[in-house]
Amino acid sequence: MIAMTPSAELRRIRRVALGDLIHRSALKFPRRTAVVDGDVRMDYAELDARSSRFAHALLERLGSGHQIGMLCANSADMVVAYNGIHKSGNVWVPVNTRLDPAAIDYILRHAEVSAVVVDEALHAAPGMAELLARLAVPLFITMAAGTETAVANACTLAQAQHGQSDALPELDMASEQPALIMYTSGTTGHPKGAVHSHASVAAALMGNMAGFGITEQDVFSALLPLYHCAQHTLVATAHMAGACAVLLRGFVPDEVRASITAEKYTLFTGLPMMYGALLADPAFRAPSLRLAIYAMAPIPDALIQVIAERMTPNVQLATGQTEMYPGTMTFKPMEHPGLGGNFWGFSLPHNETAVMDDEGRLLGEGQPGEIVHRGANAMLGYFKDPEASAAAQRFGWHHTGDLGMWGPGGQLMFLDRKKDMIKTGGENVASVKVEAVLLGHPGVAGCGVIGLPHPRWSEAVCAFVVKKPGAELDEQALAAHCRAHLGGFEVPKLIHFVDALPATSTGKVQKHLLRKQFERLAQEAWTKEEGA
């Protein structure tokens, strides 16, 4: 065996560093547009220079190796700032701005941040200034207009960059040193901070480039929040390739349709309900699009067909999670019309996937178990939580908490989250299977299916449904639809219509909140049944 200890020079030559990716794209494509943010159009030369200036400001003020919190909505300044953090050898800690102040405070304190980048508008939100003041760390304010701030212990992003060098900082950085801590979306309990290295994120970006055929000619949507891994990985992939990312701050169908047309998107990523809303306009077409990616939830076959007809026939599911930087797998429904919406397909080239039982044995076709991955895009672990890290990494694989099964042709079928599998009358019911059937009804806009305690069945399948505007639909009609497509034990015993479902900012239904909100309603329904 050859043993060699790399010198500092060799480490610099061989390093994988996320800040280098922007710099390299700027060397190749200095005048190509990197970011569109409303009227702002930033080319690669400017993005590289501005992010280097912010990196030098951080090095001057803090040095390297610190956690830097970020409370920002999608903006060109946000992209500048997180790339500056990477270039400075500090650790980016993006925080979901839709969380309540207590949750934001928990994350910033748990992450031990040494500074925070915060939007001026968010700093002015009720309670936020006081929360940040109690942290007693430097603040960098992103501002829609102006260059000065009256906030104590703060400077604007523009002030921080002023007078700093445009050159890429020369740092001795290791490929496996932490680049970011991204906190889980919090569908249950306290969020955990998944620590990723420069190398793990870069591996995902390279896999995405290969798996989705990304080039410098592409124009990406960036409508989902950049503080989540799904949108960040797509924008970072675009910037590795030298492509363009069009930033939006929320989903307004008319605005998104106009942006797709004006900017000539080639790649759009959205939740299934977003595609439904865009295509609700019968005149909408997207001839520039070459790839439509969907994520987070199953998508009805009928909607897939409409996407193929009016946007692009190249429709792909992309999967991933905070701990296993996205993407991990992809499925092409138009190429496999006989397979249902819960298929996840094949692994992307930078990682592999298996199905495992509780004893660590890998399972074959038709055998359900936990979906596990391994590859260079796996997190280093959970921040300050070695027990949770060890549990997630047992048997040498990353454990997703998802149940799956190998189907025909070596394609993976997703069954359910382990905690969401409903056990009713001795049978196991996958909540996602019931959800897929409900979403197949033309009057259903969204749904969440959970198991709630039942005196006879242990748990009962319960469905909470959002109707499409103007839909004439009642519980009996929807139950009949379910009976036509499901086994008797899978049909919901309770169907309840709601105006909206509790969800994370990426569209994941927060089923723990549904359980908490409607357990009493279910118990009253069961009592009424017993008395009937």
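Strand S1 (residues 33-37) runs parallel to S11, and 3 bridges join the two. Keep in mind that this is a predicted model. Within that pairing, Val36 has Val246 of S11 as its bridge partner.

S11 also has a partner in strand S10 (residues 219-222): this pair is parallel too, joined by 4 bridges. Here Ser221 is the residue that stands opposite Val246. So much for the neighbours; here are the pairings side by side.

What about the side chains of S11 itself? Cys244 and Val246 point one way from the strand (residues 244-247), while Ala245 and Leu247 point the other way. Both sets are buried.

Now for the wider picture. The protein has 17 helices and 26 strands. Its C-alpha atoms fill a box of roughly 75 × 60 × 50 Å along the principal axes. A compact globule of 532 residues would have a radius of gyration near 24 Å, and the protein's 24 Å agrees with that. Of the 532 residues, 56% count as buried.

Contacts reach well along the chain: taking those between residues at least 6 apart in sequence, 65% join residues at least 24 apart.

As for the surface, the protein exposes about 22400 Å², with carbon and sulfur atoms supplying 55% of it. On the charge side, there are 44 positive and 53 negative charges, and their mean positions lie 2 Å apart.

Note on methods: Residues numbered from 1 in each chain as written. Predicted model: local features only at pLDDT ≥ 70, side-chain atom pairs only at ≥ 80, totals over all residues. Heavy atoms only, no water. Rg over C-alpha atoms; globule rule 2.2 N^0.38 Å. Buried < 20%, exposed > 50% of the residue type's maximum accessible area, 1.4 Å probe, protein only. Contact = heavy atoms within 4.5 Å. Areas by Shrake-Rupley, 256 points an atom, 1.4 Å probe, with all protein chains shown as cover. Lys, Arg positive; Asp, Glu negative; His and termini not counted. Charge placed at Lys NZ, Arg CZ, Asp CG, Glu CD. Pairing = 2+ DSSP bridges.
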